[in-house]
Amino acid sequence: MKAEEEGTLLAYCSAWGPTELLYAMDLVPFMPENYAVIASARQQVVPFLEEAEARGISRDVCSYCRASLGMMWLGDGP
């Protein structure tokens with residue numbers, strides 16, 4: 001991952017995250033839920049949802065959140 005190679009600190013957050021505070025702390029906000037929307041629109045989200053559910057994330061949790069976690073665990077996404 002480019003950010004890791006450059007030593008950039010990322011902060012995973014939702015669309016409602018306090019980005020101004022993160023920038024003030026030299027953290028770059030990363031909003032994987034936005035990519036989950038794109039993956040859903042392209043009908044590519046199922047493997048991410050399945051991965052999250054296989055790791056114990058309930059189907060009651062927001063699907064964008066589950067997809068984001070699945071992406072993270074599969075090492076896929078932006």
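Helices H4 and H5 are roughly perpendicular to each other, a label given to angles of 65 to 115 degrees, with under 35 counting as roughly parallel, over 145 as roughly antiparallel and the rest as oblique. Their axes lie 7 Å apart and pack at an angle of about 85°. Here an axis is a line fitted to C-alpha atoms, for helices over the stretch in contact, and angles run from 0 to 180 degrees between N-to-C directions.

A word on the ground rules before going on. The model is predicted, so local features need pLDDT of at least 70 and side-chain atom pairs count only at pLDDT 80 or more, while totals for chains, interfaces and linings use all residues. Residues are numbered from 1 along each chain as its sequence is written, and side-chain values use heavy atoms, with hydrogens and water left out.

**The chain as a whole**

The chain has five helices and two strands, arranged from the N terminus as α-β-α-β-α-α-α. These elements are DSSP runs numbered from the N terminus: helices are H or I with at least four residues, strands E with at least two. Along the principal axes, the C-alpha atoms fill a box of roughly 35 × 25 × 25 Å. Of the 78 residues, 28% count as buried, meaning under 20% relative accessible area, where exposed is over 50% and partly exposed lies in between (1.4 Å probe, protein chains only). Among contacts (heavy atoms within 4.5 Å) between residues at least 6 apart in sequence, 25% join residues at least 24 apart.

**Helix H5 and what covers it**

Helix H5 covers residues 63-74, and its end C-alpha atoms are 16 Å apart, which agrees with the 16 Å that 12 residues should span at 1.5 Å a residue; the expected span is 1.5 Å times one less than the number of residues. Its buried residues are Arg66, Ala67, Ser68, Gly70 and Met71. Helix H3 (32-41) and helix H4 (46-54) are included in what covers them. After H5 comes Gly75, with a positive phi near 70°.

| Helix pair | Axis distance | Angle |
|---|---|---|
| H4 and H5 | 7 Å | about 85° |
| H3 and H5 | within 8 Å | roughly 100° |

H3 and H5 are therefore also roughly perpendicular to each other. On the H3 side, the contact is made by Pro32, Glu33, Tyr35, Ala36, Val37 and Ser40, and on the H5 side by Tyr64, Cys65, Ala67, Ser68 and Met71. By class, this contact has eight nonpolar, two polar and one charged residues. Ala, Val, Leu, Ile, Met, Phe, Trp, Tyr, Cys and Pro count as nonpolar, Asp, Glu, Lys and Arg as charged, and the others, Gly among them, as polar.

**Glu51 and Leu74**

Which residues does Glu51 contact, leaving aside its neighbours within four places in sequence? They are Gly70, Trp73 and Leu74. Glu51 lies in helix H4, and its side chain is joined to that of Arg55 by a polar contact of 2.7 Å. Such a contact is a pair of N or O atoms within 3.5 Å; within protein, one must be able to donate a hydrogen and the other to accept it, and residues adjacent in sequence count only if both atoms are side-chain atoms.

Leu74, in helix H5, is partly exposed, with a relative accessible area of 41%. Leu74 and Glu51 are 23 residues apart in sequence and 7.4 Å apart in space, C-alpha to C-alpha.
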